[in-house]
Structures are given as structure tokens and as C-alpha cells.
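Student: Please take a close look at the aromatic ring pairs in this model. Then set them in their surroundings, with the cut-offs behind each term.

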Amino acid sequence: MAARDAARRAGPARQRPDPAGKRYEEEEEEYTLPDSDALPDSDDEVDLDKPCPIQIVLAHEDDHNFELDEEALEKILLQEHIKDLNIVVVSVAGAFRKGKSFLLDFMLRYMYNRTSPCWIGGNTEPLTGFTWRGGCERETTGIQVWSEVFVIDKPNGTKVAVLLMDTQGAFDSQSTIKDCATVFALSTMTSSVQVYNLSQNIQEDDLQHLQLFTEYGRLAMEEIYQKPFQTLMFLIRDWSYPYEHAYGLEGGKKFLEKRLQVKQNQHEELQNVRKHIHSCFSNLGCFLLPHPGLKVATNPNFDGRLNDIDEDFKEELRNLVPLLLAPENLVEKEISGSKVTCRDLVEYFKAYIKIYQGEELPHPKSMLQATAEANNLAAVAGAKDLYSKGMEQVCGGDKPYIAPSDLERKHQDFRESAIRQFCSVKKMGGEEFCRRYQEQLEVEIDEIYANFVKHNDGKNIFYAARTPATLFAVMFAMYITSGLTGFLGMNSIATLCNLVLGIALISFCTWAYVKYSGEFREVGTAIDQIAEAIWEQVLKPMSDNLMEDHMRQSVKNSIKAGLTEQVSHHARLKTD
């Protein structure tokens, strides 16, 4: 990823993050969190002395694939002082351009100044840290983490490592459904708290996308211990109905209970979505956050200063961030019931990214594509059923043997009827999409026809007797040839003929045993194929030639007899 442009550094004195956890101190010589534009290139050396966002999962737009920057991840998580600590991973995911990175930067302010009641910062201080900006185009790609892993003392006396993770926004114009599902699933699988960032409300399509993405993650996990994921926090931004449900956690809890309630009169599809979400996460929460104000939404020069943000938003932000990151609220990452260390998380990232780079998992599709596929497959199934029923009436079951030419004619008639039925069904997906399924139908019909041909040939007693007749003909020919060549003193040819005769006799006996016992069917099939090849390549051409010569001779004799009769008749008339 190319290095960003020059960072914004203007502004009043900043507050320095103290390593010992002390509050920010105002200084003449300012120290800032590295600006979001300072994201290093993936090929650059990761500098842990200067905290900044680091790209650990790279998005390749040309082939819509993802790559793990193992070196960068290892440099962050395998530092000597943290590698054996249990890890807390807080991730923010959701649709693009909804303020995920903006929120994470306030989390950074809290982590650097968590002991101060004024952790939210000064009124004139620009917001820096993870990359963010206003506008309608996406900013974050792949997955980024903050290069500094925070070591926190929990109330029980244990130390944990806290990692903040930012993710590529879903549903932008350059990402496929598979891209969105992969990023969301990967961040959910590796985080202990997933913040699902939504705008204004929880709509049904939000829940359906959550169901799709979490199922894609669950498929990649080899073992599922109880519920596969830990905490999901629905964060509803720009909440406009505080008169129905108040801002904050309590209002969000009541709102979420109402949204995820499973009712008896609900459609089965809606019930399944809600049951799936409950079955995936150990803890579900919801926080209602007000709109930050018109200056934030409409000012192209907004740089995160608190002066431009509405008071309601700042007040709820002071409640939200500690709810996620205060030492007593930290949720340690667990997989299959075991706590995960920083060292373990590196290995899990490597394992999960390999799964998503492979082809073992089905590719998630948009609702339109999935519906169009189901629609076309149903039309294919109906057309195939029409064809099969028609052919069954002609040569299926106990129907007598039918001439191959008549069978092929019936096949063509039923094939055209099946294709007409497929084309008459109203289908989604467009002409080009449906043409692929029509071609699939034609191939499958031809395969069914090949099976009907074999079934019909099996009813022909002469076809069934082809193998023994062929082997008997070979034995008879070899016996006669062996006798003649032996009589003429051509002993080597006679011996060869006797050898072929013996092989044919053994093959005949083996074939008879296979047909009687049903054992060694592969051997019987091989003998049938060899006999058919001998019939098609040798005996049938010989018999056709003999038949042709016989017919030619018969026609010649009949013509000669007819001419002779005419000459005789003419001679008798002259005599008379």
C-alpha cells in the first residue's frame, strides 16, 4: 500500500501519551498521535517506536484476494513483553463511510489517557490516529491494527494486551460480496469484541448480512465450541429516536431485544436470522449514539476538533469508549474455550487467511445472484423432469426394445420440449446468465439420453449376446486358422492362434462367472469393452463387407437372370 500524503500537524499544543499510564500533559513542544496519513507501505520496515496504523491484511483489488503481512503482524504481537499475555482485540466493522476509523481514534485517546476524566481531549485538538476523512469514497482497505499494543492491569491483578483493529468498510463499489464477507468474518473470528457499526437503525438487511458474514466465518472454524464468537456490540450511529429509546446502553438494550425478538407469527426466514445471530455470539449488546452535528456532516474541512461536535455526541462517547475499554470491561479473546495469547493470535491469523485464500469454502453471493441461481436451477430441474418422464414412457422400465433411430427421434422431440419449457419459465438474472443454465440443461439431457440408450440396448437380446458371440467367433476363427497353419507347417502362427484361442476361452469363462455371480464387475466391464472393440473394428466391418458382396452378387445374378429371361422370351417370339 502506497504511503499516504503529508500529515496534518497544525493545531494547538497536544497531549503526550505517558508510558506509565499518566494523563496527558500540555507541552510547548507538541507530541501527537501519528496522523492517519502516516500509514507505512507494506514493504516498509514497521517502526514500533512511532505508533501508527499498520496494514496486516492487504486487499488485492485485481483478483479480489487477501494476503496476510506476516512480518508486520509478528513484529507487533511477538514483542518480548507481550507475546505471552492474553490478548483483548476490539474491532470495528460495518458499511463504508460510516465513521469506524473516526470512532477508533477516540478509543486511542482513551487508551493513551485512560486515567484522566478528560481523556476525550481538548476542544481545539484535531483527531489523529487511524486514517479517516469526510466524503463519500472509501478510505480503509483490508485490515489495519494500531502498532502499539497496550498492556493493561485488570482488577483481578492479571495483565492483558489490548489491540485495536480497523476494517475495510463493506458494500463499497469496488468490493464483492466475498470481499465483504471475508473481511467481516476474519475480524469477527480474531476479535474478542466486534463493534458492528450501523447508521440510524437496525434494518432487516443488516441482520441478513450479519447472518451471511458470521456463517462464512463459522464455516472456516474447524471446531465449534458452544457459540463460535464472543461479544457483538451493535453501535447505532445518528440515532434519531431518543423519545422511543434513550441514547446509550440501556436504551440500546431495550431496542435490541425488540429487534431480535423471535415471534410465533414471524415468517420462518425472519425467525431463522434471529436464531442464527443468537447462536453465534456469547454476548450481544447495543449502544445508541446521537448524530455528531451538522458541522461534522457538511464541513469538508472538519478535522475532528471537539468544538465542532455536538455536546450530546461527546457525552455518549464518554460513556461508550470506557464501556468497551475500561480495565474491568475488557473481554479476553477465547477460541474453543481457551484464552488466546498474542503469540497464539499470530498462528490463528495465518491459519484463517489460508482458508480464505483457498477454494474449500463456498463463495458467498448477493441475494439477487443466489435467488437467480435458485430460480434457474429450479427451471432446469423442471425441464429435466419433463424430458425424463417422456423418455420413460418410450423406453423406460418394462417397455420393449425400440429401434435406435426411433429412440433418437423421440429424444430430439422431448429435448426440444424440455428446452421450450425452460425458456418459458420467468427467470431472474438476465439473458446471459440464463443462457449458461440452458447450456447446462442441454448437457445434462444428453447425459440422460446416453443412459437411456444403454438401458434400451440392454433389452436387445442380440446386444446382450454380443460379448459371448464375439468371443465364440474369435475362438472358432483361431481354431480353424490354427488347424490350417499347423497342417501347412506354419507352427509359429499355429501356436499364436492357440494362445489367442486360450485367452478367448478364459475370457469367455470369466465373463460367464461375472454375469452369474455379480462379482468382479470391473473385469466383466473390461471384457465387454474389448469384445465391443473387436466387434466394431473387425467383425462388423467384415460382416458388412460380406453382406455387401452377397447383395451385390445377388443383384448381379438377378439382373443376369432377368436379361437371360428377356433374351429367351424374345427368341421364342421370333421362332413363333
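**Aromatic pairs and their surroundings**

Tutor: Y241 is partly exposed, at a relative accessible area of 32%; in this scheme buried means under 20%, exposed over 50% and partly exposed in between, with a 1.4 Å probe and protein chains only. The model is predicted, so local features need pLDDT of at least 70 and side-chain atom pairs count only at pLDDT 80 or more, while totals for chains, interfaces and linings use all residues. Residues are numbered from 1 along each chain as its sequence is written, and side-chain values use heavy atoms, leaving out hydrogens and water.

Y243 counts as exposed, with 64% relative accessibility. Together with W239 and F255, Y241 and Y243 make up one aromatic cluster. Over the whole structure, the search returns 12 aromatic pairs. Rings of Phe, Tyr and Trp (its six-membered ring) pair if their centres lie within 6.5 Å; planes under 30 degrees apart are stacked, those over 60 edge-to-face, and the rest tilted.

One of these pairs joins F102 and F106, edge-to-face, at 5.3 Å centre to centre and 80° between the planes. F102 and F106 are 4 residues apart in helix α2 (residues 100–112), and therefore about one helical turn separates them. Helices here are DSSP runs of H or I with at least four residues, strands are runs of E with at least two, and both are numbered from the N terminus. An α-helix has 3.6 residues a turn, so residues three or four places apart point the same way. F102 is buried, at 6% relative accessible area, and F106 is buried at 1%. The pair Y241 and Y243 is also edge-to-face, because the ring centres are 6.3 Å apart and the planes stand at 90°.

The 15 residues of α8 reach 22 Å from first C-alpha to last, close to the 21 Å expected at 1.5 Å a residue; the expected span is 1.5 Å times one less than the number of residues. Its buried residues are F313, K314, E316, L317, L320, V321, P322, L324 and L325.

Helix α8 also carries charged pairs. R318 forms a salt bridge with E315, the closest N and O atoms being 3.6 Å apart; the term covers a side-chain nitrogen of Lys or Arg within 4 Å of a carboxyl oxygen of Asp or Glu. R318 and E315 lie 3 residues apart in α8 (residues 311–325), about one helical turn. R318 also meets E311 in a salt bridge, at 3.9 Å from N to O.

Elsewhere, R435 and E431 form a salt bridge of 2.8 Å, N to O. Both sit in helix α12 (residues 431–458), 4 residues apart, or about one turn. R435 is partly exposed at 33%, whereas E431 is exposed at 63%. The structure holds 18 salt bridges, and a network of them links E70, E74, E347 and K350.

S191 sits in the loop between α3 (177–190) and β7 (193–199). S191 is buried, at 2%. A polar atom of its side chain lies 2.7 Å from the backbone oxygen of S187. Not counting residues up to four places away in sequence, S191 touches V89, S91, Q230 and K333, contact meaning heavy atoms within 4.5 Å.

As for nonpolar packing, the largest nonpolar core has 58 residues, and V57, L77, I87, F234, I236 and F349 have the most contacts inside it. Helix α9 (residues 342–357) gives the most to this core, with 8 residues. Another core, of 40 residues, lies apart from it and includes L108, I120, F150 and V162. A core is a set of buried Ala, Val, Leu, Ile, Met, Phe, Trp, Tyr and Cys residues joined through side-chain atoms within 4.5 Å. Beyond its neighbours within four places in sequence, F349 contacts I56, V57, L68, L73, M165, L186 and T190.

Terms used. A polar contact is a pair of N or O atoms within 3.5 Å; within protein, one must be able to donate a hydrogen and the other to accept it, and residues adjacent in sequence count only if both atoms are side-chain atoms.
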